[in-house]
Amino acid sequence: MSHLEIGVAGIAAALSLIALRVPIGVALGLVSIVGIGQLVNMRVAWGMISATPFDFAGTWELTAAPMFLFMGYLCTTTRMTEGLFQAMRLYLARLPGGLAVASVMASAFFAAASGSSVATSAAMSRIAVPEMLKRNYDKGLATGTVAASGTLGSLIPPSVLLVLYGVYAQVSVGQLFMAGFLPGLLSALLYIVMIMARVKAKPGLAGHARVTSTWDEKWQAFRHIWPLPLLITAVLGGIFLGVFSPTEAGAVGTTIAALIALARRTLSLSAIREALTRTAVSTASIFIILIGSLFFTRFLAMSGVPAAFSELILGVSTETWWIILAVAVIYLVLGMFIDSIGLMLLTLPLILPLVQGADLNLVWFGIIVVKLLEVGLVTPPIGLNVYVIKGALGKSVTLPEVFRGVSWFIAMDIVALLLIVLIPALSLYLPQQML
């Protein structure tokens, strides 16, 4: 077999192992070791195993990921996110579909604190969906809102996906955070507009019970949620003003979260221990996938597959629209079956050489990739966020009901994606010729 044939066979083997539910990092690592052994020899393959993990674990920028995860888990375990949905529903009750709109806003705040789409969906599904169902909201609207709004954690900084993309693609994480801010807010706004338009056209979707509140109740609700906006403003403001780097921001955010929890008397050893445990598990999972993807990158580079793939795509057209379309098809199809972090790290070894060969801006392209991954989180048949919602709610809703509800939000995601592609200025820090 030629080197190229070995590379293509390796890709097929990796996808087959993933389909058989072999962990993605393990699948990529095994295929890479065997593949490099075939391309060169097993001594080179074993040498890569001994050197690569150590070198990669020492990457300074990568420390931002576990620190942001720890910050998010600490906010949860110290009850800093409690009352977020209740406050939003009091302030937004007068809008059409007020509870659904409140779910979007609460999810956006929660996502900005946690940086995790799955964590956001899991938390909000236990808080917001039962409240909406109790008030006779359409099950599709209630569950679809939370499933889709959870994906805002992928774009709204601090985002773990953006950190991992920045480290892998060797672009500034700070620029990625700034670039993702407006598209993240745009996605949330499109969700809200769609919800209000649907409920205005068909009021029965939002039930018939009105949520009433007094100004005293609104003030009491604000007293419970003020720490989260303060934390988000401090972290993002520090990054945007250049006070500290995104890598340092995770540690700063964790410190501020701990101080706020201490002032509110909700910080305890058990809360810290739980947050550390969750962080360790999540970080270990991410690092295994990252190291496996690095092995896979070297294997594919030796086989010549990325160069051949770039020639194949660019041979059809070198126009930006064609490259984005080809990449979108890959992500939308594979996104139905593979989780977002695994999919990004599986495909970047192939796609980054293509993007670099076409001289596209890697920051702008990173935002497009993350937005495509957001869509994959709610796309059938896998749609990880959908299954998180179903798992949290049990028999009170069915999978078809959740997928039916989320289809409206997928349409809004596509609109947002088109706007990001057609108006690059939505993502900051782009070369002047792209604006």
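# A tour of the predicted model

**The largest pocket.** Start with Val118, Ser285, Asp339, Ile341 and Leu384: of the 42 residues that line the largest pocket, these lie nearest its centre. The elements that give two or more residues to this lining are α2 (24-39), α4 (64-77), α7 (117-134), α9 (160-169), α14 (269-303), α17 (340-357) and α18 (362-376). The model is predicted, and the space in its largest pocket comes to about 980 Å³. What is the make-up of the lining of the largest pocket, in nonpolar, polar and charged residues? It divides into 25 nonpolar, 13 polar and four charged residues.

**Helix α17.** Stay with the coloured helices and select Leu345, which is placed in helix α17. Leu345 has a relative accessible area of 0%, so it is buried. Leu345 and Thr297 are 48 residues apart in sequence, and their C-alpha atoms are 9.2 Å apart in space.

**Salt bridges.** Show the charged side chains next. Side chains of opposite charge can pair when their charged atoms come close. The model has six salt bridges by the rule used here.

Select Glu274 and Arg278 on helix α14; they are four residues apart, about one turn of the helix. The two form a salt bridge, with 2.5 Å between the closest N and O atoms. Are these two residues buried or partly exposed? Glu274 is partly exposed, with a relative accessible area of 35%. Arg278 also counts as partly exposed, at 32% relative accessibility.

Move to Asp413 and Lys371, whose side chains meet in a salt bridge at 2.8 Å, N to O. This pair links distant parts of the chain, with Asp413 in helix α20 and Lys371 in helix α18, 42 residues apart. Both Asp413 and Lys371 are buried.

Follow helix α20 to Arg404. Which residue does Arg404 form a salt bridge with? The partner is Asp138, and the closest N and O atoms of the pair are 3.6 Å apart. Here too distant parts of the chain are linked: Arg404 is in helix α20 (residues 399-422), while Asp138 is in the loop between α7 and α8 (139-149), 266 residues away. Arg404 has a relative accessible area of 42% and is partly exposed. Asp138 is likewise partly exposed, with a relative accessible area of 21%; buried would mean under 20%.

For the last stop among the charged side chains, select Glu131, Lys134 and Arg135. These three are linked in a network of salt bridges.

**A nonpolar patch on the surface.** Switch to a surface view and select Tyr91, Trp219, Phe222, Trp226 and Leu230. Together they form a nonpolar patch on the surface, with about 510 Å² of accessible area.

- Tyr91 is placed in helix α5 (residues 84-91). With a relative accessible area of 37%, Tyr91 is partly exposed.
- Leu230 is placed in helix α12 (residues 227-240). Leu230 is partly exposed, with a relative accessible area of 42%.

**Two loop residues with positive phi.** Finish with the backbone. Most residues other than glycine have a negative phi.

Select Arg21 in the loop between α1 (3-19) and α2. What is the phi of Arg21? It is positive, at about 70 degrees, although Arg21 is not a glycine. Arg21 is exposed, with a relative accessible area of 63%.

Then go to Arg265, in the loop between α13 (246-263) and α14. Arg265 has a positive phi of about 60 degrees, and it is not a glycine either. With a relative accessible area of 77%, Arg265 is exposed.

Key:
Residues are numbered from 1 along each chain as its sequence is written. This is a predicted model: local features need pLDDT of at least 70, side-chain atom pairs count only at pLDDT 80 or more; totals for chains, interfaces and linings use all residues. Side-chain values use heavy atoms; hydrogens and water are left out. Patches are made of residues with over 30% relative accessible area and no salt bridge: like charges are joined within 9 Å, nonpolar side chains (Val, Leu, Ile, Met, Phe, Trp, Tyr) within 5 Å. Accessible areas come from the Shrake-Rupley method with a 1.4 Å probe; for residues, only the protein chains shown count as cover. A salt bridge is a side-chain nitrogen of Lys or Arg within 4 Å of a carboxyl oxygen of Asp or Glu. Buried means under 20% relative accessible area, exposed over 50%, partly exposed in between (1.4 Å probe, protein chains only). On a 1 Å grid over the protein atoms alone, a cavity is a set of points where a 1.4 Å probe fits but cannot get out, and a pocket is an open set with protein on both sides within 12 Å along at least five of seven lines; lining residues have an atom within 4 Å of a point. Grid points are joined across faces, edges and corners, and a volume is the space filled by probe spheres set on the points. Ala, Val, Leu, Ile, Met, Phe, Trp, Tyr, Cys and Pro count as nonpolar, Asp, Glu, Lys and Arg as charged, and the others, Gly among them, as polar.
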